[in-house]
Structures are given as structure tokens and as C-alpha cells.
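Visitor: I would like to learn how to read a structural model. Please take me through some features in turn.

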Amino acid sequence: MNTLLNIMTRRSIRAYRQVPVKKDDIEAVLKAAVCAPYGGSIQPWRFSVIMKDKKLLEKIASLTICEKWVKDASCLIAVFLDTDSMKDAETPKVYMKHAQAIGAAIQNMLLAANELELGTCWLGEIIKNEESIKRLLEVSDKLELMAVIAIGYPQKIHKGKYKDVNDSIISWK
């Protein structure tokens, strides 16, 4: 699949078939994540993969308003910002740079999964339950939850529409 077609066909998937995702595919998705751009030779991302422990997956799913369908995903990947990796993290602009790198890593994950015919959904609202998720995953307090990505084989192919790009352009000089 070419890059533009991959970008244009990627959709958030909220219904998954009950088919386990291959470990090799998840590793490929994570390899794509770590190829994202980042500043200062710092890769600020850390990942926790939940695919073997179905009970843990369901507990994490229960912490989101999307529980009904998240629990059906074959895999969840919790994406963390490693605050230990940041120098001068108290500077808002430095923090923003690292948060943007995390966003780029997540986008790479979504596109790699789409290329592998896997469906994904980026869960952002779940970060309100960061402490519970960190406890369940037994991760360091030095990690900040940025998102959870649900991954699985989609029940159907979705052909959503995007707004016209001209609606988003505020100037073109």
C-alpha cells in the first residue's frame, strides 16, 4: 500500500473479530513507533503490551467509556512518556516537543497496523484513569500515560469521510 493510500484509508475501529493478533504483527507496529521523529536523540516513549492476559485487558477496558468494544480488542498497547528521559521537562515547550514525538509514534503505530490489515483506535480519554492503569500494569511513577491503543482484526471495513481540507486552511499566502 502506498503511503497516501494508507493515510487516507486508516479509520478508528470500534468492533473487532475474536481472532488473536500475531505477536510478529504487534512487534512490527512497535518497530514503526520507534521510527517516529524525536528531538535531542531522546526516544521518550515506553510501551506496555497487553495481549496474553485477557483479564488484565478487560480490567483496563473497564477504565474507559468505550469498555463495551475495547474489551473485544485482541491487544492493547499503553503508551507512556518516560519523564526521566527529558531534560528540562519543567519547560512547557520541551514537554510539548516530547508529547509531539509520542503523537508521531502513535500515528506510526496506527499506520503500520492499517498496512497489516489490523484495526486500531487511539483512546485518549482513558488517561483520566492513569493511576489505576499504572497500578494494573505495575509501571513506574516516572512514566506518564499518554494513550492506550486498541488493536484487533476489524469486523468490517469502514469507509468514513473526512472534511474538505479547505475547511481547515486558515491562510495560504
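Visitor: What should I know about the model before I start?

Guide: This is a predicted model, in which local features need pLDDT of at least 70 and side-chain atom pairs count only at pLDDT 80 or more, while totals for chains, interfaces and linings use all residues. Residues are numbered from 1 along each chain as its sequence is written, and side-chain values use heavy atoms, with hydrogens and water left out.

Visitor: How are two packed helices described?

Guide: Two packed helices are described by the angle between their axes and the distance between the axes. Axes are lines fitted to C-alpha atoms, for helices over the stretch in contact, and angles run from 0 to 180 degrees between N-to-C directions. Helices (H or I, at least four residues) and strands (E, at least two) are DSSP runs, numbered from the N terminus. Here, the axes of helix 2 (residues 23–33) and helix 5 come within 7 Å and cross at roughly 145°.

Visitor: Is the crossing of helix 2 and helix 5 left-handed or right-handed?

Guide: A crossing is left-handed if the near helix is turned anticlockwise from the far one by less than a right angle, and right-handed if clockwise. Helix 2 passes helix 5 in a right-handed crossing.

Visitor: Which residues make the contact?

Guide: Contact means heavy atoms within 4.5 Å. Helix 2 contributes Val-29, Leu-30, Ala-32 and Ala-33, and helix 5 contributes Ala-105, Asn-108, Met-109, Ala-112 and Ala-113. By class, the residues of this contact are eight nonpolar, one polar and no charged. In this scheme Ala, Val, Leu, Ile, Met, Phe, Trp, Tyr, Cys and Pro count as nonpolar, Asp, Glu, Lys and Arg as charged, and the others, Gly among them, as polar.

Visitor: How is a pocket defined, and what is the volume of the largest pocket?

Guide: On a 1 Å grid over the protein atoms alone, a pocket is an open set of points with protein on both sides within 12 Å along at least five of seven lines, and lining residues have an atom within 4 Å of a point. Grid points are joined across faces, edges and corners, and a volume is the space filled by probe spheres set on the points. The largest pocket has a volume of about 300 Å³. It is lined by 17 residues, and those closest to its centre are Thr-9, Arg-10, Asn-114, Ile-157 and His-158.

Visitor: Which elements give two or more residues to that lining?

Guide: They are helix 1 (3–9), helix 5 (92–115) and strand 3 (119–123). Helix 1 gives the largest share, three residues. The lining has eight nonpolar, five polar and four charged residues.

Visitor: Next, single residues. Is Thr-120 buried or exposed?

Guide: Buried means under 20% relative accessible area, exposed over 50%, and partly exposed in between (1.4 Å probe, protein chains only). Thr-120 sits in strand 3 and counts as buried because its relative accessibility is 2%. Not counting residues up to four places away in sequence, Thr-120 touches residues including Arg-10, Tyr-16, Leu-110, Ala-113 and Ile-151.

Visitor: Why does Lys-134 count as buried?

Guide: Lys-134 counts as buried because its relative accessibility is 5%. Lys-134 belongs to helix 6 (residues 130–137). With neighbours within four places in sequence left aside, Lys-134 is in contact with Phe-80, Val-139, Ser-140, Asp-141 and Leu-143.

Visitor: Where is Glu-138, and what is its phi?

Guide: Glu-138 is in the loop between helix 6 and strand 4 (143–152). Its phi is positive, about 55°, although Glu-138 is not a glycine. Glu-138 is exposed, with a relative accessible area of 73%.

Visitor: Which other residue has a positive phi without being glycine?

Guide: Glu-117, with phi near 65°. Glu-117 lies in the loop between helix 5 and strand 3, and at 64% relative accessibility Glu-117 counts as exposed.

Visitor: How do I compare separation in sequence with separation in space?

Guide: Take Ala-104 in helix 5. Ala-104 and Ala-36 are 68 residues apart in sequence, and their C-alpha atoms are 5.6 Å apart in space. Leaving aside neighbours within four places in sequence, Ala-104 is in contact with Ala-36 and Pro-37. For Ala-28 and Ile-60, 32 residues apart along the chain, the C-alpha atoms are separated by 23 Å.

Methods: 1 Å grid on protein atoms, 1.4 Å probe; cavity = no way out; pocket = protein on both sides within 12 Å on 5 of 7 lines; lining within 4 Å.
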